[in-house]
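Please open the model in your viewer and keep the selection tool at hand. The stops below each begin with something to select and then say what is there.

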Amino acid sequence: MRSSGRNSRGSGSGSGGNNYRGAGNRRDEQQQRAGRPRPEERRYDVGGGSQAGPGPKAGPGPKAGPKGGSQGGPKGGAAKSGAPKGVGGRGRKPNAPARPREYEAQMEERNRARHDKPRVALPKTFGEVEGERLQKVLARAGMGSRRACEELIDQARVEVNGKIVTEQGLRVDPEKDEIKVDGLTVATQSYLFFALNKPAGVVSTMEDPDGRQCLGDYVTNRETRLFHVGRLDTETEGIILLTNHGELAHRLTHPRYGVKKTYLAAIQGPLPRDLGKRLKSGIELEDGYARADHFRVVQNTGKNYLVEVSLHEGRKHIVRRMLAEAGFPVDKLVRTAFGPIALGDQKSGWLRRMTNTEVGMLMREVDL
């Protein structure tokens, strides 16, 4: 009997213990299903991992648990029990609704259609204004500052295409419009004009195959190709023009326009009084008569004479041949002026850029 009672108590206690443990497990399962943390999980803060959502009393970072766990709770995960679905993961903001792919495709098509529209042709008042301001063009051409060019316009000294301009802000096209100041054409295009005092012994070519010194040696650093206007023989000194304006160079050397050239010649006397008259009336040469436009004696020291001869012809060695035919060979010859451009005090071998006024005078000389 005793043995049976002992067995009954043992079996009862054992069954009661098993029943208590089973009830506890069921209660834990019910709490997990309800989304509430288990009692042991409440003692630890849940960290902000990639899968962990906002749990109760969530701190800024994970804290170590009693056994060194970084997230606390059994199996190191409270996110499965405490984090609601859809929170965290793939960088989406909390409570942000997911966009359907069809909606995103419609937005992409709408953006493309917005940028693929044909360009609307705006009126001229809203587009870029054509041309450049007149005072800016004049200032760039070397007529002075913009303020000074505005004063030229106020003084009615500027004309565009034959009409005098009196209002400020007029827009012009430097490549097409003809601009003049005081009747002289303004070189607004990208043309270059130089005057060189050619020394004796320099060949009047831009390149010399024999290696002699030539005009090209004085303009080797220029990006634009220049060419000389007319020629001077090797032993003749004086002014010679270099430019890249083809039409101007052609007209300056054409006999039709008769641009006058002036020379100083050193000869031996005595000179007859009628020498100037003979030169003006014409000296017969091998290739026809040659006539001087002007003649005068500049200086006389004993038998040494320095005479000035002006003529509009451009034949080879014309001055030397005329004086030699008259009986007075030339010892030295210098060209002192080409049309309205004078040599002045420019030193031998020096190259200078011509002023805009000088260019305008040259253009007026040949009706440009």
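Is alanine 156 buried, partly exposed or exposed? With buried meaning under 20% relative accessible area, exposed over 50% and partly exposed in between (1.4 Å probe, protein chains only), alanine 156 is partly exposed, because its relative accessible area is 34%. Select it in the loop between helix 5 (146-154) and strand 2 (158-160), where its phi is near 60°, a positive value in a residue other than glycine. Helices (H or I, at least four residues) and strands (E, at least two) are DSSP runs, numbered from the N terminus.

Before going on, note that this is a predicted model, in which local features need pLDDT of at least 70 and side-chain atom pairs count only at pLDDT 80 or more, while totals for chains, interfaces and linings use all residues. Residues are numbered from 1 along each chain as its sequence is written, and side-chain values use heavy atoms, with hydrogens and water left out.

**The whole chain**

Select the protein chain, whose secondary structure comes to 9 helices and 17 strands. Of its 368 residues, 34% count as buried. Among its contacts (heavy atoms within 4.5 Å) with a separation of 6 or more, 60% are between residues 24 or more positions apart. The accessible surface, from the Shrake-Rupley method with a 1.4 Å probe, where for residues only the protein chains shown count as cover, comes to about 24400 Å², and 47% of that belongs to carbon and sulfur atoms.

Strand 2 and strand 5 (residues 179-181) are joined in the antiparallel sense over 3 bridges, and here valine 160 has isoleucine 179 in strand 5 as its bridge partner.

**Strand 15 and its partners**

Next select strand 15 (residues 332-338), which is mostly covered, with 6 of its 7 residues buried. Strand 9 (residues 237-243) pairs with strand 15 in the parallel sense over 2 bridges, whereas strand 10 runs antiparallel to strand 15 and is joined to it by 6 bridges. Pick valine 334 in strand 15 to see both pairings: glutamate 237 stands opposite this valine, and valine 334 is also the bridge partner of leucine 264.

Follow strand 15 into strand 16 (residues 341-342), with which it pairs in the antiparallel sense over 2 bridges, and where phenylalanine 338 stands opposite isoleucine 341. This hairpin has 2 residues between the strands, and glycine 339 takes a positive phi near 65° there.

**Backbone exceptions**

Most residues other than glycine have a negative phi, and most peptide bonds are trans. Select glycine 269 and proline 270, whose connecting peptide bond is cis with omega near 5°; proline 270 lies in the loop between strand 10 (261-268) and helix 7 (275-281). Then go to histidine 317, which has a positive phi of about 55° although it is not a glycine, and which sits in the loop between strand 14 (304-311) and helix 8 (318-325). Its relative accessible area is 35%, so histidine 317 counts as partly exposed.

The structure holds 14 salt bridges, each defined as a side-chain nitrogen of Lys or Arg within 4 Å of a carboxyl oxygen of Asp or Glu. Select aspartate 233 and arginine 320, whose side chains meet in one of them (3.6 Å, N to O). Because aspartate 233 lies in the loop between strand 8 (227-229) and strand 9 and arginine 320 in helix 8, the pair ties together parts that are 87 residues apart in sequence.

Finally, include glutamate 313 and arginine 315, with a salt bridge at 2.7 Å, N to O. Salt bridges that share partners join Asp287, Glu313, Arg315 and Arg321 into one network.

Definitions and conventions
Pairing = 2+ DSSP bridges.
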